[in-house]
Amino acid sequence: MNPALARHLQTLGLERAPFPPTPDAAAWFQTARLEAERVEAAHCLRTRAGFVLLTGEIGTGKSTFLRRLLVALGGEGMVTSLVFNTFLQGPDLLAAVLRDFGLEARGTPAADIDTLNRFLVQQWRAQVTCVLMIDDAQNLTLESLELLRLLTNLETGQEKLLQIVLAGQPELRANLEQPGIRQLTSRICKHVQLDVLAADEVQRYVHFRLDAAGNPSPGIRLRADAALALHRASGGNPRRIHQIMDRCLYGLYAMPAQARVIDPALVRTAAAEAGARPLARRLRRTRPALATAASLAGVLAATLLALALRGADSRAGDAPPAAAAMPLQATAAPAGDDDDADWSGCLRRLGQAGVQVQAVTDAWLARLPTREGLCLQRLADGWQAGWRARLRAEDFLAAQDQRARVLAVQVLLQAEGLYGGPLDGLYGPRMRAAIARFQQHSGLPSSGAPDPATLFLFDTLLAARAATSSTSPETQHHGNG
């Protein structure tokens, strides 16, 4: 880390830069919709269903989403090629894809496609799925898009050998509407659209970023009226929020720790100093607001945290880390400076990797058999909860020999009279309908998707059942089978 930056952060009591200008897949500002989009995109790739398209304005978290997708797919029998330099076109782009797969380009498109095809067939026989991710794909020419269409023709007769993710700015969607490549467009099975933050998400986003950077007690806080000013100045764009907040931190540099509160005047001054203001794009209110991934982190910290996340993902199904196993009492209290301090300290005790943060309701809290392992903070219209993830959305899409966790959830839902299908460990229409009913009873949006708040509720209920029984729900079922 730059020594001057290190001293600046040390003065503010921070462990790393909370608002740097590089993607940060490790500090992930979690929302139910964003997590559901990531899980569905990963499912499309695992099942070799076709193209995945990812679009969003500059600064809304496309690169972060791709990195989170890579983390989710890591260690699952997949080989990935990630291409960032889309100023390479045609044959040069193909050669770059080969090199990223560890292959040697032979100099001509025909020879290179043959090399790639042989590699893909070899991986398919070994039951390995190959995924090509292309960022900034709006720069691809019609020739390059046609090349990608040819690559999608590589198949065994039953399955496509190469799965492709195209990520780019909104004009990418317009480029794909060209008549000459309509065959490529027809193969898109999932379109993820990233949007800006809504006004009521900005304050939670900023506090999440500060807490993830080790914000001390009493710490730096953003006033509610300053959050509205920040939303107006940034248009809700996370990258612009980072630029403005970074300037705000310099405005707090000389203040004593107990007085580091960001007000609207400081936000407006920082916005005026933070470079050109982007064109405002209003959040569409016809569908749920999407809080994008928490973009941007320091290179060294991002690398270390990404490795920690990969390690946490690889341990899925094992006993949780020691920090997760330690009981943490909820910090429920009226909103205020003391509550903010308790919240920050509780999150730090949870650690960084695998931590979820989400707004929850009183009905959700009432369903919990215990609040151990839960951080809790009162908001104006409800609660904000934080916890370390153990049961994951990916568990609902696991292979046949790894369905014990979903099977346990089915047994739980059956015991509550919400599930009447076969106990098969499959996440299908019956299971989705049962989860939707469970969510409705628990004060959650009844989407039927395994969002983080639903998963934590499942996890605590399963633990409570196991504690009052001589065997776990999984063991009960297998013993009867």
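Is Cys248 buried or exposed? In this predicted model, Cys248 has a relative accessible area of 0% and is buried. Cys130 is buried as well, at 1%. The cut-off for burial is under 20% relative accessible area. Across the protein chain, 51% of the 481 residues are buried.

Two further cysteines are linked to each other. A search of the whole structure returns one disulfide. The disulfide connects Cys346 and Cys375, with an S to S distance of 2.0 Å. The angle about the S-S bond is -90 degrees, and the link is left-handed. Cys346 belongs to helix 15 (residues 337–350), whereas Cys375 belongs to strand 9 (residues 374–379); the pair therefore ties together parts that lie 29 residues apart in sequence. Cys346 is buried, with 0% relative accessibility. Cys375 is buried too, and its relative accessible area is 0%.

The chain contains 20 helices and ten strands. Five strands build an open sheet with parallel pairing, in the order 2-3-4-1-5. Val52 has Val165 in strand 4 as its bridge partner. Such pairing in sheets rests on backbone hydrogen bonds.

Helices pack against this sheet. Helix 5 (residues 109–125) touches strand 2, strand 3 and strand 4. The direction of helix 5 makes about 130 degrees with that of strand 3. Helix 4 (residues 90–100) lies across strand 2 and strand 3 (129–134). Relative to strand 2, helix 4 runs at about 140 degrees.

Of the contacts between residues at least 6 apart in sequence, 73% join residues at least 24 apart. The protein chain exposes about 21,400 Å². Carbon and sulfur atoms supply 52% of that area.

Methods: Residues are numbered from 1 along each chain as its sequence is written. This is a predicted model: local features need pLDDT of at least 70, side-chain atom pairs count only at pLDDT 80 or more; totals for chains, interfaces and linings use all residues. Side-chain values use heavy atoms; hydrogens and water are left out. A disulfide is a pair of cysteine sulfur atoms within 2.5 Å. Helices (H or I, at least four residues) and strands (E, at least two) are DSSP runs, numbered from the N terminus. Buried means under 20% relative accessible area, exposed over 50%, partly exposed in between (1.4 Å probe, protein chains only). Two strands pair if DSSP finds at least two bridges between them. Contact means heavy atoms within 4.5 Å. Axes are lines fitted to C-alpha atoms, for helices over the stretch in contact, and angles run from 0 to 180 degrees between N-to-C directions. Accessible areas come from the Shrake-Rupley method with a 1.4 Å probe; for residues, only the protein chains shown count as cover.
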